[in-house]
Amino acid sequence: AAALIDAFAARVDAAAGGEFALPMPAEQVYEHVRGSEGSDPEQDMELLQAAYAQRRDDGALAGLLASAMLACGARAEALAHLWDFVGRHPGSEESPAGQLLEQLLDGDDAGAQVERLAALLQPQRTAFAHWCRAQLAFRHSRWREVGEHVQRLLDAAPDADGARRLWARAAMEERDFAQAVGLYAELAERSEQPGGDDWDLMSAASAAGDWDAVRRAAARLDIELTGSEGPVRETWGWVRVRYERDGESYDCLARRTGPVTAQVATVAPPGRTQHVRDEVVFDAAPLEQAPEDEAERERWLAPFRVVHTLHRADYRSWFVDGAHPGEPAFEALCEAVDALDWSLWVRSGDDYRVRDPASEEEGALAGVFFFLATPPQLAAEIDRRLHELTAGWEHPLSWQQLAEQAGADVSRHEAVVEAYGL
C-alpha cells in the first residue's frame with residue numbers, strides 16, 4: 001500500500017501539477033466510494049488520491065483516504081496525511097481530528113502525540129483539545145483526571161453529553177458511585193426519551209445504595225418495582241453475570257433481584273475465588289448477542305458484566321462425594337441446606353456411577369458429587385450438621401477435606417472413598 005501511495009505521488013509530481021482525469025467530478029468521489037458495496041480500499045486508493053489532489057480542503061474526503069490507507073496497512077502514511085490536514089485546518093469542525101486521535105491513542109507514544117494534537121487545537125477548538133486529554137486519561141486508567149478534563153470541556157461546551165458519559169464511566173471505574181449517579185441523572189434528564197442513560201443510572205445508583213434514584217429511573221423505563229423505599233428486592237429468574245479480573249473472565253449463574261442487581265448462585269470449587277450468595281450490581285448492556293437459532297435462544301442467558309459487589313458473603317466450599325441416596329432423601333438434604341443458608345451445587349451428571357461395596361461391582365450404584373458452600377464458621381460445626389443431615393442413609397457420603405479442617409476422624413471418609421471407588 002505504501003508503494004502504491006508513493007507511486008501515485010511520483011506520477012503527480014511528473015505531471016507538474018496537472019490534474020488527472022477522473023471518471024466523475026472530484027466532489028462526487030466521496031459518495032461514490034462510500035456507497036460502493038464490497039469496495040476494495042487498495043483499488044480505491046488511486047481514485048481517492050486523485051480526488052484529494054483537487055480537494056485538499058475536503059475533510060470528509062481526507063478522512064476516507066486515511067481509512068483506505070489504514071485498511072491497506074499504511075499506518076505511517078495515514079498518520080502523516082492526517083497530521084497534514086489537521087495542521088492546515090486546526091479550527092475546522094469537519095477535519096478528521098477524531099480519526100487522528102483514535103490512531104494516536106493506540107500508538108506507542110500516545111502521551112506525547114495526543115498532547116501535541118491537543119496543543120495544536122487548543123486555541124480554536126478548546127473543547128476538542130480537552131476531549132483529547134480526557135480520552136488519553138481514560139485510556140491510561142487515570143479516572144480522576146478524566147473528570148478534570150471533562151469539567152473544563154463542559155465549561156466550553158455545556159451540551160457535550162458524550163463527554164459526560166465518559167466522565168460517568170470513569171467515575172464508575174473509580175468507584176465514585178455518587179458522582180456517577182449525578183452525571184447519569186443529568187444525562188437522563190437531558191434526554192427526551194428514556195433509554196441507556198436510565199439503565200446506567202440504575203447501575204450507578206444501585207452501587208451507591210441510592211434506591212430512590214433506582215426507582216425514579218425504573219419508572220421512566222416503565223419498569224414496575226415492588227415496594228416504595230429501601231433496597232430493591234425482586235424475584236426475576238436467572239441471569240448470567242461475568243467477572244473480569246487480571247485479563248481473565250468467568251461467568252456465574254445468579255438470581256436476578258432487580259433491574260441491575262443479582263445474587264450469585266454458582267458455587268465455585270474449593271480453593272477458587274468464591275462468589276456464591278454475593279449480592280452484585282451489573283452493567284445493563286449484555287456482553288453477547290442472542291443466538292440466531294430460536295431453539296438456542298430459548299435456553300440462552302445473556303451475560304452481564306459485574307461492576308460492584310454490594311454484599312460479600314465470604315462463603316467457602318467443600319467437596320462431597322458418594323452414592324446417591326435417592327431423590328426424596330436428596331431433596332430433603334437440599335431443603336435442609338437451604339434452610340441453613342448454605343448452598344449446594346451438584347456437579348455430577350446422570351451417568352455418574354460408583355462401586356457397590358456389597359457386590360464390589362463397579363458402576364452398580366448411581367452416584368452424586370457436589371460442592372457445598374457454607375458461611376465462614378467453624379468447620380467442626382459444619383461437619384457435625386452434615387452427619388446429622390445424612391444419618392440413616394444406606395450409603396454414607398465422603399467429605400474428607402471438610403473433616404480434615406474440622407479435626408474429625410478422616411479414616412471414615414478414606415474408607416468410603418476406597419469402598420465406593422470414588
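**Close-up 1. The buried residues of helix α11.** Phe-177, Ala-180, Val-181, Leu-183, Tyr-184, Leu-187 and Ala-188 are the buried residues of α11, where buried means under 20% relative accessible area with a 1.4 Å probe, protein chains only. This is a predicted model, so local features need pLDDT of at least 70 and side-chain atom pairs pLDDT 80 or more, while totals for chains, interfaces and linings use all residues. Numbering starts from 1 along each chain as its sequence is written, and side-chain values use heavy atoms, leaving out hydrogens and water. Those buried residues pack against α10 (161-173), α12 (196-208), α13 (211-220) and β5 (303-311), with contact taken as heavy atoms within 4.5 Å. Helices here are DSSP runs (H or I, at least four residues), as are strands (E, at least two), numbered from the N terminus.

**Close-up 2. Phe-138 and Trp-143 as an aromatic pair.** Rings of Phe, Tyr and Trp (its six-membered ring) pair if their centres lie within 6.5 Å; planes under 30 degrees apart are stacked, over 60 edge-to-face, the rest tilted. That rule gives seven aromatic pairs. With ring centres 5.1 Å apart and planes at 75°, Phe-138 and Trp-143 are edge-to-face. Both of these residues are buried.

**Close-up 3. Tyr-352 meets Phe-369.** Here the centres are 5.0 Å apart and the planes at 90°, so this pair is edge-to-face too. Tyr-352 sits in the loop between β7 (343-346) and β8 (353-356), and Phe-369 in strand β9 (residues 361-374), 17 residues away.

Conventions. Buried means under 20% relative accessible area, exposed over 50%, partly exposed in between (1.4 Å probe, protein chains only).
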